[in-house]
Amino acid sequence: MNIVPFGDWTRRGRWWPTRALSKPAAAIVIHHSVTTPTSSPRADARKVEEVIYQRRWKSRFSMVAYNWMIHPDGTILEGRGPTYRNGANNNTRGGAISNHNSVSVCFIGDYRTTLLTEAQRRAFWWLAQDLERNGTVANSNSVMPHSALSKTTCPAEAYSSLGPPMFNGDAGEEDEEMVTCIDKLSGEAWVCSGTKARKINDVGQWMSTWEGPVRRANNMKFVIDDLYEIV
Ligand SMILES: [Zn+2]
């Protein structure tokens, strides 16, 4: 997977000085752009940048606020990237995670009305694992919604439809980890490995003996349907 460099899409560039990102970041914070996507990832990224640019005096943004953006077709576009400190994760609740120790990923689109695409989910987990490998973030599973930091509904369903990390073994790992995936709304559960999933009939009994990793999401049912072959 590739990342479109900042210079390949930006119109406004970096209009004010921006501080450096200190690594490794403690968390990846998820946002949505609340813009209407088209079939052009670069044009859509410029649209997000323009919204930020117009708000520069009020919010003191020095460039597009996000470290990365992900288009519905799975294209990852670099914003502040691994170089510049994030601008979108202001913590008004007073918690430990804020702009100085986190990075941000913005899903282009309005996730009050839609869910992430499979391409977006795959791109996100590829990016998260890549960031852990290259030391930009401490842990690719440390992912939280913008709403955990401040009083906002951002990123709406973009967080709950993110699903579990992908164990796609593209680093040459042969043994694929098994993970139990639970739908928090329906209570249904599956055991997943690689690209296959098996429905668990007695979830209570399964969980009483399962010692492996567990992923939970409100829309896990949707995630399983999209990403796994049911066996
Ligand atoms: Zn946000």
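## Salt bridges

A salt bridge is a side-chain nitrogen of Lys or Arg within 4 Å of a carboxyl oxygen of Asp or Glu. E188 and K221 form such a pair, with their closest N and O atoms 3.6 Å apart. The two residues lie 33 residues apart in the chain, E188 in the loop between β7 (178-183) and β8 (189-193) and K221 in helix α6. Helices (H or I, at least four residues) and strands (E, at least two) are DSSP runs, numbered from the N terminus.

Searching the whole structure gives 8 salt bridges. One of them joins R12 to E50, at 2.7 Å between the closest N and O atoms. R12, R11 and E50 belong to one network of salt bridges that share partners.

## Basis of the model

The model is predicted: local features need pLDDT of at least 70 and side-chain atom pairs 80 or more, while totals for chains, interfaces and linings use all residues. Residues are numbered from 1 along each chain as its sequence is written, and side-chain values use heavy atoms, leaving out hydrogens and water.

## Packing of α3 and α6

Helix α3 (residues 118-133) packs against helix α6 (residues 220-227) at about 95°, and their axes are 10 Å apart. Axes are lines fitted to C-alpha atoms, for helices over the stretch in contact, and angles run from 0 to 180 degrees between N-to-C directions. The two helices are therefore roughly perpendicular (65 to 115 degrees; under 35 is roughly parallel, over 145 roughly antiparallel, and the rest oblique).
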